[in-house]
Amino acid sequence: MLSLLRNILIYLTICSVIGAFSVSSVKGLGIAIKGFFDDQPVLQNPLTWILILTLVASVTTQINYLNKALDIFNTSLVFPIYYVLFTTIVITTSIILFKEWVAMSVVDIIGTVCGFLTIILGVFLLHAFKDMDINLGNLPHVLQNSDQAPTIKDDKNILIEVDNAGMIADDKPKVFMIYS
């Protein structure tokens, strides 16, 4: 059971599913607010109050599980996975609950799916290459030395960072690591 609680997908799936409830509740409250300004008796309808309670409960639960995931796992790992899971589940929920895609044309559906896939690819590329120091000034040098692997620094586990570039092998400083 303890190893199951060390899986990032458990926390982020719970957070994303609960987040889908909050998005659906906000959409329903938006419809209720529009009805309120059209002089409809939405405050007497129990569904309005159920939506408000669902929104409050889902947002607090979502924040709780997101904070637990951030306490255990690295931020650069949590946010891309959470973003993709949350967006996928919210789109699926809106398809099921609100049947928004029934009235859409095939071209609009393909455009929406392509946009979603572009966002997922962009999130992946941003987080995959965030530690690479490439700019226009050093681009020719980086392209010439493409056989060297980039150094990835995981700042969550490093207590002291020492640059070993100019040191001889005998005088290597000691680096203390904290593993969580």
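**Helix α3.** I began with helix α3, residues 75-98, which has 24 residues. I found 33 Å from its first C-alpha to its last, close to the 34 Å expected at 1.5 Å a residue. The expected span is 1.5 Å times one less than the number of residues. Helices (H or I, at least four residues) and strands (E, at least two) are DSSP runs, numbered from the N terminus.

**Ground rules.** I kept in mind that this is a predicted model, where local features need pLDDT of at least 70 and side-chain atom pairs count only at pLDDT 80 or more, while totals for chains, interfaces and linings use all residues. Residues are numbered from 1 along each chain as its sequence is written, and side-chain values use heavy atoms, with hydrogens and water left out.

**Burial in α3.** Which residues of α3 are buried? I listed V78, P80, Y82, T87, I89, V90, T93 and S94. Buried means under 20% relative accessible area, exposed over 50%, and partly exposed in between (1.4 Å probe, protein chains only). The cover over these α3 residues includes α1 (8-37), α2 (46-72) and α4 (106-128).

**Y82 and the core.** I then followed Y82, which touches L12, C15, S16, Q62 and L66 when residues up to four places away in sequence are not counted; contact means heavy atoms within 4.5 Å. Y82 also belongs to the largest nonpolar core, nine residues in all, with I8, Y11, L12, C15, L66, A69, F73 and V78. Helices α1, α2 and α3 each supply at least two residues of this core, and α1 gives the largest share, four residues. Such a core is a set of buried Ala, Val, Leu, Ile, Met, Phe, Trp, Tyr and Cys residues joined through side-chain atoms within 4.5 Å.

**Annotation check.** An unreviewed UniProt entry annotates "transmembrane region" over residues 7-26, 46-65, 77-97 and 109-129. Its positions are in the numbering used here, feature names are shortened, and annotations may be inferred rather than shown by experiment. In the model, residues 77-97 are 100% helix and 0% strand, with end C-alpha atoms 30 Å apart. Residues 109-129 come out 95% helix and 0% strand, with their end C-alpha atoms 30 Å apart.

**Whole chain.** I counted five helices and zero strands in the protein chain. Of its 180 residues, 20% count as buried.
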